[in-house]
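The following exercises concern a single protein structure. Each task is followed by a solution in steps.

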Amino acid sequence: YDDGALVVEAEGLRLHMSSSGSSGYKGVRRSTWKAGRFEALKRVDGRQVFLGTFNTAVGAAVAYARAAEGPGGGRQGGDGTERGGRSGGIGGGG
């Protein structure tokens, strides 16, 4: 994980902070199926879209921030390793 300090900007993007989530970032949660990993998710047209699994909460937050910028955003960059997945990704089939 990290030292507890939240990053507010990464890769030129302003990250979406959350006081209600355990990760500190909107759209980011600890992975329920991979220990020590984080998942990025975003609501699109009323459904939850899986953006990927990441090594760090910041990596997942970067994917969320990209997805929030517009279509095709959340499937590139960050430190993510397994983009797309269970529900597909922004702009991808699934």
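Predicted model: local features only at pLDDT ≥ 70, side-chain atom pairs only at ≥ 80, totals over all residues.

Glu39 counts as buried, with a relative accessibility of 0%.

**Exercise 1.** Determine which residue forms a salt bridge with Glu39, and where the two partners lie.

*Solution.* 
Step 1. A salt bridge requires a side-chain nitrogen of Lys or Arg within 4 Å of a carboxyl oxygen of Asp or Glu.
Step 2. The closest N and O atoms of Glu39 and Arg29 are 2.7 Å apart, and the two residues form a salt bridge.
Step 3. The pair links distant parts of the chain: Glu39 belongs to strand 4 (residues 38-44) and Arg29 to strand 3 (residues 28-30), ten residues apart.
Step 4. The structure holds one salt bridge.

**Exercise 2.** Classify Arg29 as buried, partly exposed or exposed.

*Solution.* 
Step 1. Buried means under 20% relative accessible area, and exposed means over 50%.
Step 2. Arg29 has a relative accessible area of 32% and is therefore partly exposed.

**Exercise 3.** Describe the surface patch that contains Val8.

*Solution.* 
Step 1. Val8 lies in the segment before strand 1 (9-10).
Step 2. The relative accessible area of Val8 is 39%, so Val8 is partly exposed.
Step 3. Together with Leu6 and Met17, Val8 forms a nonpolar patch on the surface, with about 230 Å² of accessible area in total.

How values were computed
Residues numbered from 1 in each chain as written. Heavy atoms only, no water. Patch = residues over 30% accessible without salt bridge, like charges linked within 9 Å, V, L, I, M, F, W, Y side chains within 5 Å. Areas by Shrake-Rupley, 256 points an atom, 1.4 Å probe, with all protein chains shown as cover. Helix = DSSP H or I, 4+ residues; strand = E, 2+ residues; numbered from the N terminus. Buried < 20%, exposed > 50% of the residue type's maximum accessible area, 1.4 Å probe, protein only.
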